[in-house]
Amino acid sequence: MSNVGYLNIDQPPLSFEKLPESDGEHRKRLEIEGLIEKSIDKNLALDVLVKLSLSPYGLVNDHLRKILWPQLAGCDVNSLERAPTLDELQYHPEYNQVVLDVNRSLKRFPPGIPYEQRIALQDQLTVLILRVIQKYPNLRYYQGYHDVAVTFLLVAGEEIAFAIMEQLSTSHFSECMQETMEATQRRLMFIWPVIKFENPELYNFLQNSTVGTLFALPWYLTWFGHSLNSYKSVVRLYDYFLASPIYTPIFVTAAILLYRSNEILKEDCDMASVHCLLSTLPEDLPFEKLLKTSSMLVKKYSLLVIEKDVEELICQERKQRQAEENMIMKRRRKMSRPANANRIFSINPWLTNILTSKSVLFTTAFSVVVGLCAYYYKNQYLAAGIS
């Protein structure tokens, strides 16, 4: 069973605009190049790598990332496996779905590349994904996995990208690759304790809006690779996530919500309005500032504290749901009681017809409203990446 249908397929084009190197980026690049030059076989100590990746500008450019990302992921580039051909994998049960998603991801490739090169990259991406899920049958492909894989493919090439994706699929993304998304959706609830501790007003507003966490699902599944328009921002975030604890995307999400708190609190407090606002990321987010906030939050709140708070939240929601169900059952029992026989027989037939007509009109109107709501919320879920 595939975990597909979770992302909105209408992606914006990814901008590969190359901006001039800033003074800070220049100094950082020279620092990293100096460390690599002094190292043995270009290998840096893990603590040095982590510090470089977390600090401003990350690993600066893709040339350095191709060298250092495998080291961050714990991959041995000296023992890479031969990539099978696409023909060798065409009978995999997930083949058609993967090809479909890869074909939809053309906007994530550099614009203007020759047709033959684009087709080759698509085939490599398809093989890369199928290799992982073929090697690990317990892992389930999900829609959005291809957004992660294409980033590593563009930076590191097919063989290194597979080594990285294999490592991450059995660690960082293993929870997302279960039979269902239940564990992932529960993990997203870790956002709420952080928001509650940092900004109670924002927390209460978001809870009252009943927006839920679906807006953040694509961010978590793809390390924001599906939702950002800037390639430079995507690879900078990947520097950060590769060097951070597994659940760090949760803290980056919290940092974004906290940063946008004033904007959010001005919105109408209802699910549709708040979801619409949150599901689209502004193009001018100051990611270096947000990553600094995220690192502070990671250090400030232990997962044990957050887990406890999430359990309490789930318990409260369960009690509230049970109370609502009990109220509905009580109303149903009350409505199902036999009416007074004398009153029934004394009703004028003309009045009975009127009531029957009104009942039909009410039922019809109610059905229309329910249908409209179902259609509306379905589209809201699709916009969030849930079907």
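Predicted model: local features only at pLDDT ≥ 70, side-chain atom pairs only at ≥ 80, totals over all residues.
Biologist: Which residues of helix α11 are buried?
Modeller: Helices are DSSP runs (H or I, at least four residues) numbered from the N terminus, and α11 covers residues 200-209. Buried means under 20% relative accessible area, exposed over 50% and partly exposed in between, with a 1.4 Å probe and protein chains only. In α11 the buried residues are L202, Y203, F205, L206 and S209.

Biologist: Within what arc do the buried residues of α11 fall?
Modeller: The arc is that of the directions from the helix axis to the C-beta atoms. On the other side of α11, E201 and N208 are exposed. The buried residues line one face of the helix, because seen down its axis they fall within an arc of 165°.

Biologist: Which helices are included in what covers the buried residues of α11?
Modeller: Cover is judged by contact, meaning heavy atoms within 4.5 Å. The cover of the buried residues of α11 includes α10 (191-198), α14 (248-259), α15 (261-265), α16 (271-279) and α18 (303-335).

Biologist: Is R236 buried or exposed?
Modeller: R236 is found in helix α13 (residues 231-242). Leaving aside neighbours within four places in sequence, its contacts include R65, Y57, E288 and L291. Its relative accessibility is 7%, so R236 counts as buried.

Biologist: How many salt bridges does a search of the whole structure find?
Modeller: A salt bridge is a side-chain nitrogen of Lys or Arg within 4 Å of a carboxyl oxygen of Asp or Glu. Some are joined up: E21, R29 and E33 are linked in a network. The search of the whole structure finds 17.

Biologist: What separates R65 and D62 along helix α3?
Modeller: Their side chains meet in a salt bridge, at 3.1 Å from N to O. R65 counts as buried at 4% relative accessibility, whereas D62 counts as partly exposed at 26%. Because they are three residues apart in helix α3 (residues 62-73), the separation is about one helical turn.

Biologist: Which residue in helix α18 lies 121 residues from R186 and pairs with R186?
Modeller: R186 forms a salt bridge whose closest N and O atoms are 2.7 Å apart. This pair links distant parts of the chain, with R186 in helix α9 (residues 182-188). R186 is partly exposed, with a relative accessible area of 25%. The partner, partly exposed at 26%, is E307.

Biologist: How far apart are the closest N and O atoms of R186 and E311?
Modeller: E311 is in helix α18, 125 residues from R186 in helix α9. E311 is partly exposed, with a relative accessible area of 38%. The closest N and O atoms of this salt bridge are apart by 2.2 Å.

Biologist: How many aromatic pairs are there?
Modeller: Rings of Phe, Tyr and Trp (its six-membered ring) pair if their centres lie within 6.5 Å; planes under 30 degrees apart count as stacked, over 60 as edge-to-face and the rest as tilted. By this rule the count is 14.

Biologist: Why do W69 and Y238 count as tilted?
Modeller: The ring centres of W69 and Y238 are 6.2 Å apart. W69 is in helix α3 and Y238 in helix α13, 169 residues apart, and both are buried. The pair is tilted because the planes lie at 35°.

Biologist: What is the angle between the planes of W223 and F241?
Modeller: These two rings form a tilted pair, 5.3 Å centre to centre. W223 is in the loop between α12 (217-222) and α13, and F241 is in helix α13. Both residues are buried. The angle between the planes is 45°.

Biologist: Over which ring does R187 sit at 4.0 Å from the centre?
Modeller: A charge sits over a ring if NZ of Lys or CZ of Arg is within 6 Å of the ring centre and within 35 degrees of the ring normal. R187 lies over the face of F190 at 4.6 Å from the ring centre. The ring at 4.0 Å is that of Y247.

Terms used:
Residues numbered from 1 in each chain as written. Heavy atoms only, no water. Helix = DSSP H or I, 4+ residues; strand = E, 2+ residues; numbered from the N terminus.
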